[in-house]
Amino acid sequence: MVVGSGPGALQLTYSLRRLGIEHAVISADDAPGGMFRRWPIFQRMLSWTKPYAEAERGSTAYERFDWNSLLADEAEHRAIMPSVMDGTSYFPSRPEMERGLVAFAERTALQVRYGCRWESTRLDGSEIVIVTSDGEYRTPIAVFAVGVAEPWRPPMLAVVGVEQYGDLRHAETYADRRIFIVGKQNSGFEIATGLLPWARQIVLASPSPTRLSVDVRSLVGVRARYVQPYEDWALAGGVVVLDASIESVEPRDGGFIVTTKSPQDGSALTFEVDDVIAATGFTSPLRDLPQLGVTTFGQSRLPAQTPFWESAAVPGIFFAGTIMQGSHGLRKHGIPSNSGAVQGYRYNARVLARHIAEEKLGMRLERRRLAPDDVVPFLLAEASRGPELWHQRAYLARVVAVDADGPYDDGIQPLAHFLDDSGPDAVAMTLEANGKDDPYPAVYVRARGLVREKLLAPHPLLHFEGEAYRRELADTVHDLLDRALTR
Amino acid sequence: MEVRDDVVDILAGFALFSDLATPELESVAQTLDESWFKADERVIRQGLTGSGFYVILDGTATIRVDGKDRATLRPGDYFGEISCLLGEPPVSDIVAQRPLRCLVLPCEQLEDFLVAHPRVLFRLLQGEARKVRNTTRWLS
């Protein structure tokens with residue numbers, strides 16, 4: 001049973017169906033697309049789809065350059081997004097994104113019961129009962145793909161008249177007004193960017209300094225698309241970017257008086273503004289799942305999850321789509337997975353479908369045998385072109401395991417699962433990044449229950465198939481393959 | 001703002017942050033991320049690069065070296081700082097004993113963080129001094 005019809009749910013239902021797993025999908029919406037039917041509020045995506053790239057459109061390698069298409073096995077259903085974009089930007093507009101998702105759902109004939117609202121949930125023995133506006137569903141496995149798109153604001157900002165992401169007025173109504181935005185992450189800077197041509201003054205404030213994606217070389221920073229207000233501040237153009245906590249917000253004369261305090265020296269500032277906008281984050285609409293025992297954490301109230309996106313507290317309840325970011329993986333060097341975005345969770349969905357098939361439904365999916373000599377080139381090709389590794393660095397890995405008959409492709413697995421699982425001797429290849437250098441391949445060899453890490457060098461052109469890489473990886477996996485051959 | 005709104009109050013009760021006023025605590029809370037681990041889940045893995053500095057908000061954890069349990073960590077305790085300060089992979093696993101709620105800062109940000117909050121740096125130094133003292137006593 002899958003709840004939702006955004007890209008996370010669509011990818012999962014597609015992947016489950018390819019494995020022949022019968023299931024139902026319900027959605028309160030009346031058409032596919034999820035949050036992209038309304039947002040981003042300024043109508044253009046943050047994630048790109050390059051119409052022309054080093055890899056041929058529709059190939060697996062092309063997925064690295066196309067962050068927005070859902071994944072299909074059939075050639076005619078792959079790389080849909082570039083075919084619905086008008087070419088004026090490599091960031092799709094919101095309507096283009098919505099069109100792409102609708103096209104995927106229609107062309108692959110996904111079956112979703114639209115207009116059916118999930119209302120409550122209860123446990124009945126080993127079954128999960130999902131009460132909907134159309135009656136009850138009973139299922140051993142429920143997957144919730146309901147997004148992380150409920151704007152959240154701290155009690156300090158629960159003041160009448162304070163707006164938030166999602167309920168803003170038309171941009172032109174902010175003409176010649178002083179606007180105070182609380183929050184300096186992407187949503188705050190998106191709002192500031194959209195209002196830059198209209199506002200008399202914009203103040204962006206939060207206690208910790210802004211980090212830019214181009215500085216930290218990861219998506220944890222503010223994206224380049226939204227950096228214009230930051231440049232305006234840096235060049236003293238009128239925007240104020242402030243590291244300060246909000247001490248009070250008081251309505252006055254149709255506007256607000258906002259008082260801030262510096263975390264460095266405790267000094268206070270007072271702003272008289274016309275509008276206050278909270279861009280302080282989002283939560284997931286989990287309804288009564290916490291009452292069922294689903295543990296949540298962090299400001300976003302994300303459910304705590306296993307490496308396979310199952311509730312860490314209530315077995316049988318899984319998550320798909322952007323909620324998957326609650327399964328945090330290793331966060332090496334502080335860099336999170338891309339599970340909060342389409343380009344990340346579309347791969348998680350495929351892994352989850354296989355996991356449900358094998359671990360929950362007892363199916364045995366085929367593994368492709370590899371000749372021992374093919375293991376090194378196969379893994380280096382994955383590091384160079386495998387889209388799962390590129391989009392989910394240090395989070396998903398290509399695994400080659402070894403048994404009495406030699407090596408075999410054990411598929412894409414969550415890296416945390418590989419490291420902590422006492423499975424067969426195996427090697428996992430992933431890509432990693434440390435926030436300052438180019439990405440580099442990382443190899444984990446699991447032998448006799450112990451795991452060893454080997455980091456390969458970065459390459460300025462990101463090509464990892466040269467002789468030096470072959471030699472180093474061959475040395476790293478030599479013992480593993482040698483033991484397999486001599487068994 | 002990636003942490004829940006009760007974090008500032010919790011941090012105020014920990015020795016490591018006891019010298020900080022509320023705005024500075026809020027800044028600390030916003031600089032760190034919140035993580036949650038189920039019982040038996042590994043938080044830090046011995047020998048693997050790219051770890052971080054962790055502060056326990058709730059729950060307990062085991063320090064495990066080469067598979068042997070050595071000590072227990074509790075709310076207010078922190079770990080991972082040695083690996084961060086030396087730029088080397090951790091020399092032990094840290095494993096959640098029961099559900100564990102932590103704040104985490106990537107190693108790469110620890111130096112800037114400590115320099116920006118000298119009172120936290122001093123408290124951390126006191127903690128490290130205690131560890132050295134206890135180890136010396138144990139060895140003798």
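Six bridges join β4(A) to strand β5 (residues 127-132) of chain A, and the two run antiparallel. Two strands count as paired if DSSP finds at least two bridges between them. Helices (H or I, at least four residues) and strands (E, at least two) are DSSP runs numbered from the N terminus. Within this pairing, A:S120 has A:V131 of β5(A) as its bridge partner.

A word on the ground rules: this is a predicted model, where local features need pLDDT of at least 70, side-chain atom pairs count only at pLDDT 80 or more, and totals for chains, interfaces and linings use all residues. Residues are numbered from 1 along each chain as its sequence is written, while chains are lettered from A and ligands numbered from 1 in the order in which they are written.

Back to the strands. β4 and β5 belong to an open sheet of 3 strands in chain A, ordered β4-β5-β6 with antiparallel pairing. Its edges are β4 (118-124) and β6 (135-139) of chain A, each of which pairs on one side only. On average, neighbouring strands here are turned by 20° against each other, direction ignored. Axes are lines fitted to C-alpha atoms, for helices over the stretch in contact, and angles run from 0 to 180 degrees between N-to-C directions.

Another open sheet in chain A has 6 strands in the order β21-β23-β22-β24-β25-β26, again with antiparallel pairing. β21 (368-369) and β26 of chain A stand at its edges with a single partner strand each, so one side of each has no neighbour in the sheet. Two of its pairings are set out below.

| Strand pair (chain A) | Bridges | A bridge partner pair |
|---|---|---|
| β22 (residues 396-403) and β24 (residues 426-432) | 4 bridges | A:R398 and A:M429 |
| β25 (residues 440-447) and β26 | 6 bridges | A:A442 and A:L455 |

β25(A) and β26(A) also form a hairpin with 2 residues between them, and A:R448 in the turn has a positive phi of about 50°.

Which helices meet this sheet? α8(A) lies across β22 and β23 (406-414) of chain A, running at about 120° to β23(A). Helix α9 (residues 375-385) of chain A touches β22, β23, β24 and β25 of chain A, and its direction makes about 25° with that of β24(A). Contact here means that the C-beta atoms of two residues, placed from the backbone, lie within 7 Å.Helix α8 (residues 342-360) of chain A also packs with helix α1 (residues 7-18) of chain A, at an angle of about 30° and with their axes 8 Å apart. The two are therefore roughly parallel to each other, a label for angles under 35 degrees. Their crossing is right-handed, meaning that the near helix is turned clockwise from the far one by less than a right angle. Among the residues in contact are A:L12 and A:L16 of α1(A) and A:Y345 and A:L352 of α8(A). By class, this contact has 8 nonpolar, 3 polar and 2 charged residues; Ala, Val, Leu, Ile, Met, Phe, Trp, Tyr, Cys and Pro count as nonpolar, Asp, Glu, Lys and Arg as charged, and the others, Gly among them, as polar.

On the domain level, chain A is divided into domain 1 (2-150 + 282-360), domain 2 (153-278) and domain 3 (369-485), with bounds from an automatic or database domain assignment. The C-alpha centres of domains 1 and 3 of chain A lie 27 Å apart. Their contact takes 19 residues from domain 1 and 20 residues from domain 3.

Finally, chains A and B meet through 28 residues from chain A and 28 residues from chain B. On the chain A side, α11 (415-420) and β26 (450-455) each supply at least two residues. That side has 9 nonpolar, 15 polar and 4 charged residues.

Technical notes:
Angles under 35 degrees count as roughly parallel, over 145 as roughly antiparallel, 65 to 115 as roughly perpendicular and the rest as oblique.
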